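User: Can you take me through this model? I'd like to start with confidence and then look at how the parts pack.
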Protein chains: 2
Amino acid sequence: MSFATTALRAVGRGVIVSQARCMSVQFKAPVRDIQFVIDEVLEGDRHYVKAGYEECNEELRASVVEECAKFAEDVLSPLNKVGDEEGAKHDPKTKDVKTPTGWKEAYESYAALGWQGLSVPEAYGGQGLPTSLNMVKAELFATANWTWGMFPGLSIGCMNTLILCGSEEQKQKYLPKLADGTWLGTMCLTEPQCGTDLGQVKTKAVKQGDGSYKLTGTKIFISCGEHDFTENIVHIVLARTENSPAGTKGLSLFLVPKYLENSDGSLSKEKNVTCGSIESKMGIHGSPTCVMHFEDTVGYLIGQEFKGLEQMFVFMNTARIGTALQGLGAAELAFQGGLTYARDRGSMRALSGTKAPEKVADPIIHHGDVRRMLLTCKAVAEGARCMMYDVSMMSDYMLKARTEAERKAIDEEMGFLTPILKGCITELGLEAANLGVQCYGGHGYIKEWGMEQNVRDARIGTLYEGTTGIQALDLLGRKIFIQQKGRSFGQFAKRVFAYTKKQLIDDRKTSQHKWEALSVTRHMLQWFYLTGRIGFNAQANKDREVISTSSVDFLMYSGYVTMSYYWLRMMDTAAAKLKDSSLAQSERDFYEAKIATGKFYFERMLPRAKSHYALALNSSKVTMDDRALGGLPF
Amino acid sequence: MSFATTALRAVGRGVIVSQARCMSVQFKAPVRDIQFVIDEVLEGDRHYVKAGYEECNEELRASVVEECAKFAEDVLSPLNKVGDEEGAKHDPKTKDVKTPTGWKEAYESYAALGWQGLSVPEAYGGQGLPTSLNMVKAELFATANWTWGMFPGLSIGCMNTLILCGSEEQKQKYLPKLADGTWLGTMCLTEPQCGTDLGQVKTKAVKQGDGSYKLTGTKIFISCGEHDFTENIVHIVLARTENSPAGTKGLSLFLVPKYLENSDGSLSKEKNVTCGSIESKMGIHGSPTCVMHFEDTVGYLIGQEFKGLEQMFVFMNTARIGTALQGLGAAELAFQGGLTYARDRGSMRALSGTKAPEKVADPIIHHGDVRRMLLTCKAVAEGARCMMYDVSMMSDYMLKARTEAERKAIDEEMGFLTPILKGCITELGLEAANLGVQCYGGHGYIKEWGMEQNVRDARIGTLYEGTTGIQALDLLGRKIFIQQKGRSFGQFAKRVFAYTKKQLIDDRKTSQHKWEALSVTRHMLQWFYLTGRIGFNAQANKDREVISTSSVDFLMYSGYVTMSYYWLRMMDTAAAKLKDSSLAQSERDFYEAKIATGKFYFERMLPRAKSHYALALNSSKVTMDDRALGGLPF
């Protein structure tokens, strides 16, 4: 594997024009923070050996982090604002979509560097590195330019589906081209009448004599459904075969190339599927959100008929965790932007006394409320990072699982944490993005600073890949009460209690964060109690709707508590490192910052859980009282 | 006073084209809700007689509400989306600003209907009606089209300043034209280096032989600083005379017309002040945010030299309450939009059992979490409305005050509630706007539905007229600890306790909301305790920065508690009305909706105060720990 630094520098130069034109946030890749989480907190060396990725040692990891950081800073970050300003453009005549200036070149450079196949098995042309390492790339690109990252990101969902459910022939034919980035892929699920409720899908697939199918229907909200990055696009499409059962049980998955291949391997000139229009959206302007028309479109069945939804859900966890990255990135960007501005902008004097007597006013970083906002963004970004890498390390075992049972066990463990990650981190990321704007005062509302773009882009995070409400129902309804009957919740709690027991009992004489460990323990116990109470309300009191009315508060409670466990681990890791008296000052500062930020999390963020707890304890009665809506006809 | 309904209908027809093109929310004016608050909860008849506005009886009030409702629904609401799409346009050559299609015509119709002078004293060409009645107009226009409403709204600040501080000559010369809407006015405070910290203002004013001044400097963020609505614009400008003391004590106010008058009363052709450019913003696109260049610009001193800031602050409460309306409007619009969509969109089945067996899925209004979001928006809009009208009724006494002491006493009472209103209602309004988007799922992110515009427009609310952080410092620092030493806090508490005592003790046998009354009382006591604790931390523990680190949580706590008092009053009023057995069913439904929504507020919103309470109790230590930012050079 080689990272052609020279090539990416060249691309970097190509976009200097747009960089100069814009004043957007100068993104600085949090390399040290990522290494702290992977190498130190989550003990990367031990993990990768255990997961069977011996080659993924610290040196290799460092090179991935550093090279991705360069690409993110030099190439992708400057293209972020261009994408917002220009947006993707649809030509109603040709049905083509043109991406913003410089985006295609950046993609070509990315593909040439071999990054698309980072975690694709070598058998299919990838580099066979662990999924969690792909997360490093995804995080850095997501923060620098989330929207650009959607193009390669969605293709990974497509590849994963093929790897797990495709026929050997399909794999051999499509995966190498997807893995090296020659082609990109999408997922086509949503239709005008349904997003979450996929049982309503109407797109039809009629079997042809040659074993292929002809698809007819309309899909909407297809991110990157049409573009100019690659010569071909591979769509994974959810559709209904003839005489299929109603609802979700009649759905099947199809592979639909934008251009079919001729017998000589060349691509046909005629499009097999067309983009009718693209949406005008609040943000992520560079990503074309396509209305896709299937009209006698040729498609190929993936896996078994009627198993479409099940197959689709195989990598739902991975996809949703990927979306959670958007929240992390938004918080990181808000922190970096807010910090830069707060150090520069002077206004009034600090309440605790003048800090910059040589200036006409103190930099606003000395004002308590500004500090509160900055540290909230920081605590969210860093807390989310640790949560996300831990869960993505679980997924490292997925592709190596030898049996379906083994794979399912891992999936179940991830499945419990996934809605917490997706739901809470996108919500907190959106809040952080808004705090980023708030740090700038009125200037935050002006486009040139880039802070308002961060809010507009981050706003989609709580909507797609299942809204926050859907994540909350998934967690409380499916993952806790029905599907897993609390199994994976119990497993997670066991891990946490084992950890806090060590802090509170075994190592009580040396552990420095006993108060925090006790707080995590107490919150975990309340989490159990809360779950029980909601379950009791739902069952004994026959108040089934409480699962829905309490779900989002339950989700947010779960998020704050889960994050507290990861903050505790980061604080402990940092404290252990600080025992080394030979540490360089910069390293000492780094670890002390982790502990201080963790303390901020425990004192200034975790108490938010109190309200969510109180709110989730209520029955559904007042919320579902139809009278509140004034006798409206429902 | 006559409301030319025919004229406004004509304007309504003029904009039908744009209405048809857009799918934005069809705004329905909450006429009944406004009347409930003014006539019933706040006992309008009694209030207006007491305040010396006998003519402002129920009939007059009803005609104002209804006519404003028509104009808001028929004319302004359809122009809301046009404004967002087209935006205001600046011509760098002529320095002119063109407003969006139809906006000027709507303004001309508005001015012709005589609404600009609604609450301006008759002596200056106004209709002399109370300020709180102007709030009805402002609310309805704000919800239908906040951005358009900024043009006439800012002019009211300008008029108020002239009424209170201008010379008789200035009043006679400018007020009639401002009152009848022939001219519009602005306030020019902010400069590139300062917004909140006005002591840094640099714009210079040099006295000329004829008593006038020549101004030089640059003002930024001047809303509606240049436009094509009126033939002239009157700016109120904060500037610094020669040899003035440094800081805020050297500031004076000047009146600066865009075009000076020639000796024959005609307007000069040359601009006296020019707009160099307008900002590209997240939202409120129709409102030009101007960079104003003062170059040898002629201005006239208003009031006394060096009293600029003081004079500016006279109507700061009114201006800030006006901004709070944006939060109310955003919540109302989110509720209306969300409700419409939730009744129409089908997805899945309700957890409590199928609600629409004839359909393929239940409308999402039957899902608990959707209901939670809708009722949150509703509770915010209605709670905010009651708070705001009560405070604006206080301002009815302002213009009628006979002595400065009397005026100051009223101002002080309003001054305590103002930051709570401005700070919390804009924050809650922004949250509600986001919930409006969330109800639509992915569709909320698409421009055509209008929900994302609501978020972008509402986002400015927590930033201008003092950010939320500034409101919080104003409340805790100035209004409670320093300036008023808790006086007005005590006054407000007395009012609340008198009310809850009646519910809990005097009328305990009949009052139906004793639990809620107890909850209000308990929260009020905790509010006192919290204030005391923060004060103790700041003084005894010498932790002055805690005033800032705790301020926003204190503000939000204050907001939730204040709103609970107003919800209690609305619930009680509704309960009293329901005793009348001859009520029509629609009226019964209306009052029951109030009580049910109030119950939702107490059970599902007020508990949020718990977290703010816990957070505000902390010292500033962890928040101000410089180590958290990793040894950065500050």
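Predicted model: local features only at pLDDT ≥ 70, side-chain atom pairs only at ≥ 80, totals over all residues.

User: What does chain A average in pLDDT?
Analyst: Chain A averages 94, and 95% of the residues score at least 70. pLDDT is the predictor's confidence in each residue, from 0 to 100.

User: Where does pLDDT stay under 50?
Analyst: Over residues 1–22 of chain A.

User: How is chain A divided into domains?
Analyst: Into domain 1 (17–312), domain 2 (315–466) and domain 3 (486–620); the bounds come from an automatic or database domain assignment.

User: What is the area buried between domain 2 and domain 3 of chain A?
Analyst: About 2,200 Å², with carbon and sulfur atoms giving 71%. Buried area is the accessible area (1.4 Å probe) that two parts lose on being put together, summed over both. On the domain 2 side, Met387(A), Glu412(A) and Phe416(A) lose the most area to domain 3, together 23% of what that side buries.

User: How many salt bridges between them?
Analyst: The count between domain 2 and domain 3 of chain A is 4, each needing a side-chain nitrogen of Lys or Arg within 4 Å of a carboxyl oxygen of Asp or Glu.

User: Which side chain does Glu382(A) meet in a salt bridge?
Analyst: That of Lys594(A), at 2.9 Å, N to O.

Methods: Residues numbered from 1 in each chain as written. Chains lettered and ligands numbered in written order. Heavy atoms only, no water. Contact = heavy atoms within 4.5 Å.
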